[in-house]
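Subject: Handover of a structure and notes on its pocket, core and ring pairs

Dear colleague,

Please find the structure below for your use. My notes on it follow directly after.

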Amino acid sequence: MPISELEKKSTGLNFEIAAEEMRRLKSTPSKREQMKLYGLYKQAIHGNIPNEDIYPVPAGNEIGMKKYAAWKAQKGLNSDKCRADYVTMAEEMIKKYGRNIIRCKWNSEVWSVDY
């Protein structure tokens with residue numbers, strides 16, 4: 001999939017790299033930040049959340065309900081815009097929480113660029 005102009009950043013992050021980097025944060029983002037990232041990710045990948053008759057609200061599951069609400073909050077947004085917003089938020093999270101990178105012979109040769 002080609003990278004849109006909205007997604008190109010001076011840091012070198014694109015959507016796929018940003019999603020991977022969110023797994024490497026030194027500290028855990030707040031629940032609010034996590035849900036915002038989740039909603040943007042789901043909207044960017046899958047588009048609008050399906051109707052409740054196809055994809056019902058996960059009643060009785062607090063985390064599932066929050067995830068559902070986070071995705072639904074992004075309804076109608078363009079996929080490219082969500083990808084760009086996700087990258088922007090990921091850059092903020094990296095600055096705020098730092099990254100936990102463990103170097104070894106294999107990954108120091110493959111992953112030599114720091115963002």
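Which helix gives the largest share of the lining of the largest pocket? That share, 5 residues, comes from helix H2 (residues 31–46); helices (H or I, at least four residues) and strands (E, at least two) are DSSP runs, numbered from the N terminus.

Two remarks on the source come before the details. This is a predicted model, in which local features need pLDDT of at least 70 and side-chain atom pairs count only at pLDDT 80 or more, while totals for chains, interfaces and linings use all residues. Residues are numbered from 1 along each chain as its sequence is written, and side-chain values use heavy atoms, with hydrogens and water left out.

The pocket

The largest pocket holds about 320 Å³ of space. On a 1 Å grid over the protein atoms alone, a pocket is an open set of points where a 1.4 Å probe fits, with protein on both sides within 12 Å along at least five of seven lines; lining residues have an atom within 4 Å of a point. Grid points are joined across faces, edges and corners, and the volume is the space filled by probe spheres set on the points. Among the lining residues are Met-22, Arg-23, Leu-25, Tyr-41, Lys-67 and Tyr-86. By class, the lining divides into 9 nonpolar, 1 polar and 2 charged residues (Ala, Val, Leu, Ile, Met, Phe, Trp, Tyr, Cys and Pro count as nonpolar, Asp, Glu, Lys and Arg as charged, and the others, Gly among them, as polar).

The core

The aromatic rings

The structure holds 5 aromatic pairs (rings of Phe, Tyr and Trp, the last by its six-membered ring, with centres within 6.5 Å; planes under 30 degrees apart are stacked, over 60 edge-to-face, the rest tilted). Phe-15 and Tyr-86 form an edge-to-face pair, at 5.2 Å centre to centre and 65 degrees between the planes. This pair joins helix H1 to helix H4 across 71 residues. Tyr-41 and Tyr-86 form a tilted pair, at 6.0 Å and 55 degrees. Tyr-86 is buried at 5% relative accessibility, whereas Tyr-41 is partly exposed at 32% (buried is under 20% relative accessible area, exposed over 50%, partly exposed in between; 1.4 Å probe, protein chains only). Ring pairs link Phe-15, Tyr-41 and Tyr-86 into a cluster.

Yours sincerely
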